[in-house]
Amino acid sequence: MVTKPPQSPKADRREAARAQALKLQQEQLRREKRTRITILSSIVAGLVVVGLIVWLILRSAGPDFTGASEIPADVARPATATENGGVTFGVDGVAGTDSGPDAVNVDVYLDYMCPICGQFEDTNSEALDQLREAGDITLTVHAISILDRVSQGSAYSTRSAQAFAFIADQAPEQALDFSEALFAQQPAENTAGLSDEQLVSIAESVGVPADIAAKIPDLTFKQFVDAKTQVALGDPALKNDQGSFGTPTILINGEQVTSNWTVPGNLTTEIQAAKG
């Protein structure tokens, strides 16, 4: 039988060093894994906290307008808004103007998170602009909030409708462009939507002065949007054949459209018929 010669002390030390190095490496890997888990947990917790703060700010402030039939007199509204809270646009496209007594009144109830509203905008906004610029219609935009539930807790519908109301009040010459720009950059449902910083950036991109745009996150007209939304939800004139309200809802001289507005030209034809 061949006997393996004993290792030298130097070899023993080398083996011990290798074993110690392996042990240290494994401990380091375990520490790094724990650190990654801690960091990820902190990020997730931070996002939850931010979402909760946004929810508390938007939901806890102000009264409950459920069942309201009109916007209360003590709720601040844009200076350019009508009695029912719509923002009118006449020939020059400035918020708060109209196209005269002979113009057809076209009301559009919309939610900036609503994909069908985006489809309506894509199909009909150019034609509506042409009719308005020709003095044939007064366009009234009713920005409301019914889709906060699909914006991952960011309340995007409320924030964007409030932003439109604020621009209509503070920068009426840019309000219509701002509304159209919101649809040009419309986020998908079930996303967080655009951030306050992005809303500010969009406002500035259409010519809103920076000092005005910077105040969009202040939610000046948040209660106005809440009240207007509840009024729209309960208005019998805005309910569809199933007895409910949804966006977009389009009225021509106070009556809901009967044409299929998804077909280009149909809405124009119906408006021209109303003009007689």
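Predicted model: local features only at pLDDT ≥ 70, side-chain atom pairs only at ≥ 80, totals over all residues.

Colleague: Fine. How many residues of strand β3 are buried?

Modeller: 7 of the 7, so β3 (residues 137–143) is largely enclosed by the rest of the structure. One side carries I137, L139, V141 and A143, and the other carries T138, T140 and H142, with both faces covered.

Colleague: And which strand pairs with β3 in the antiparallel sense?

Modeller: That's β1 (residues 87–89), through 3 bridges. Look for F89, which sits opposite L139 of β3.

Colleague: What about β2 and β3, parallel or antiparallel?

Modeller: Parallel, with 7 bridges between them.

Colleague: What sort of unit do β2, helix α2 and β3 make?

Modeller: A right-handed β-α-β unit, in which α2 covers residues 115–133.

Colleague: OK, over to β4. Which of its residues lie on each side?

Modeller: β4 spans residues 249–252, with T249 and L251 on one side and I250 and I252 on the other. All of them are buried, and both faces of the strand are covered.

Colleague: What joins β4 to β2?

Modeller: 4 bridges, with the two strands antiparallel; β2 is residues 104–110. V108 stands across from I250 in β4.

Colleague: And how many bridges join β4 to β5?

Modeller: There are 2, and those strands also run antiparallel, with β5 at residues 255–256. I252 is opposite E255 in β5.

Colleague: What do β4 and β5 form together?

Modeller: A hairpin, with 2 residues between the strands. Check N253 in the turn: its phi is positive, about 50°.

Colleague: Change of topic, charges. How many salt bridges are there in the whole structure?

Modeller: A search of the whole structure turns up 4. As background, side chains of opposite charge can pair when their charged atoms come close.

Colleague: Which residue does R159 meet in a salt bridge?

Modeller: D196, at 2.8 Å from N to O. That pair links distant parts of the chain: R159 belongs to helix α3 (residues 156–170) and D196 to helix α5 (residues 196–205), 37 residues apart.

Colleague: Is R159 buried or exposed, then?

Modeller: R159 is buried, with a relative accessible area of 8%. D196 has 24% relative accessibility, so D196 counts as partly exposed, because the buried class means under 20%.

Colleague: And where do K222 and D226 lie?

Modeller: Both are in helix α7 (residues 222–234), 4 residues apart, which is about one turn of the helix.

Colleague: Which residues do salt bridges with shared partners join into one network?

Modeller: D129, R132 and E133. Within that group, the side chains of R132 and E133 meet at 3.6 Å, N to O.

Colleague: What's the relative accessible area of R132?

Modeller: It's 4%, and R132 is buried.

Colleague: Great, I'll click through those myself.

Terms used
Residues numbered from 1 in each chain as written. Heavy atoms only, no water. Buried < 20%, exposed > 50% of the residue type's maximum accessible area, 1.4 Å probe, protein only. Pairing = 2+ DSSP bridges. Right-handed = clockwise from strand over helix to strand, strands pointing away.
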